[in-house]
Amino acid sequence: MRTTLLIATAIAMTAAAPAAAQSVTGTVNITGSVGEKCLVTDPGPAGNTFTTTIDLGELAQADGTLRTGIEADFNAGGTGASDVDFRVVCTTANPAVTVDADPIVSANSAPAGYANTIDYQADITFSLVANGSQTVSNDTTAGTPAAASLSDRLATGGTNVNVAGSNFRTPNATDVLVADPNYTGLITITIAPTT
């Protein structure tokens, strides 16, 4: 009887004991993506274009030839002190860039001894994360844009694209510039993500 009582007590204690705790584990997977893109972030809101106008004022000196000091005026942003520095960010490393410089021209014709075209070299310097900077240049007489792949990512935290000009000249140093209030030129800079 005692054996039966002990077995009955053991069964009763086992039934009264709580079951072992069980846990459940779940996982939440998170995914996303960043597209290959370049954005202008300064000046102004983020977008895909930047523009400025550099007004060089009077292009001729007293004798009618191209005046000295145009390079310094251009690099300072012209008479309106326009921006010549911009900030562009790209999500990919080593962006591809092209620089295409068009001469500063007048629509008025220029007979022998006169000029209606001012050639120059556009020098675009890109600040890079670890490798300092890289300059891509295009002369207006080149006929084709200059193209390069930057050697590093564009630096962040400040302006990283600087527009400068050098070697402003007429076909002949003695050429007299034809009168025209509307000489115009253009530099086109393209910055594209690498794929």
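Visitor: Which residue meets the side chain of Asp139 in a salt bridge?
Guide: A salt bridge here is a side-chain nitrogen of Lys or Arg within 4 Å of a carboxyl oxygen of Asp or Glu. The side chain of Asp139 has such a partner, at 2.7 Å, N to O. That partner is Arg169.

Visitor: What kind of model is this?
Guide: Residues are numbered from 1 along each chain as its sequence is written, and side-chain values use heavy atoms, with hydrogens and water left out. Local features need pLDDT of at least 70, side-chain atom pairs count only at pLDDT 80 or more, and totals for chains, interfaces and linings use all residues, since this is a predicted model.

Visitor: Is Asp139 buried or exposed?
Guide: Buried means under 20% relative accessible area, exposed over 50%, and partly exposed in between (1.4 Å probe, protein chains only). The relative accessible area of Asp139 is 15%, so Asp139 is buried.

Visitor: Which residue forms a salt bridge with Asp73?
Guide: Two salt bridges are counted. In the one at Asp73, the closest N and O atoms are 2.9 Å apart. Asp73 is partly exposed because its relative accessibility is 30%. The partner, buried at 18%, is Arg67.

Visitor: How many bridges join β5 to strand β8?
Guide: Two strands pair if DSSP finds at least two bridges between them. β5 and strand β8 (residues 161–169) run antiparallel. Ala122 stands opposite Gly165 in β8. The number of bridges is seven.

Visitor: Which residue of β6 stands opposite Phe126?
Guide: β5 and strand β6 (residues 133–139) are antiparallel partners, with seven bridges. In β6, the residue opposite Phe126 is Gln134.

Visitor: Over how many bridges do β3 and β5 pair?
Guide: Strand β3 covers residues 96–105 and strand β5 residues 117–127. Val105 is placed opposite Thr117 in β5. The sense is antiparallel, and the bridges number two.

Visitor: How many strands does the protein have?
Guide: Along the sequence the pattern reads α-β-α-β-β-β-β-β-β-β-β-β. Helices come to two, and strands to ten.

Visitor: Which residue does the disulfide join to Cys38?
Guide: A disulfide is a pair of cysteine sulfur atoms within 2.5 Å. The structure holds one, with an S to S distance of 2.0 Å. It links strand β1 (residues 38–42) with strand β2 (residues 85–90), and its two cysteines are 52 residues apart. The partner of Cys38 is Cys90.

Visitor: What is the angle about the S-S bond of Cys38 and Cys90?
Guide: Both Cys38 and Cys90 are buried. Their link is right-handed, with an angle of 110°.

Visitor: Which residue forms an aromatic pair with Phe50?
Guide: Rings of Phe, Tyr and Trp (its six-membered ring) pair if their centres lie within 6.5 Å; planes under 30 degrees apart count as stacked, over 60 as edge-to-face and the rest as tilted. Three aromatic pairs are found in the whole structure. The pair at Phe50 is tilted, 4.4 Å centre to centre with 35° between the planes. The partner of Phe50 is Phe86.

Visitor: Is Phe50 buried or partly exposed?
Guide: Phe50 sits in the loop between β1 and α2 (70–75), 36 residues from Phe86 in strand β2. Phe86, at 2% relative accessibility, is buried. Phe50 has 22%, so Phe50 is partly exposed.

Visitor: What share of the residues is buried?
Guide: The protein has 195 residues. The buried share is 31%.

Definitions and conventions. Helices (H or I, at least four residues) and strands (E, at least two) are DSSP runs, numbered from the N terminus.
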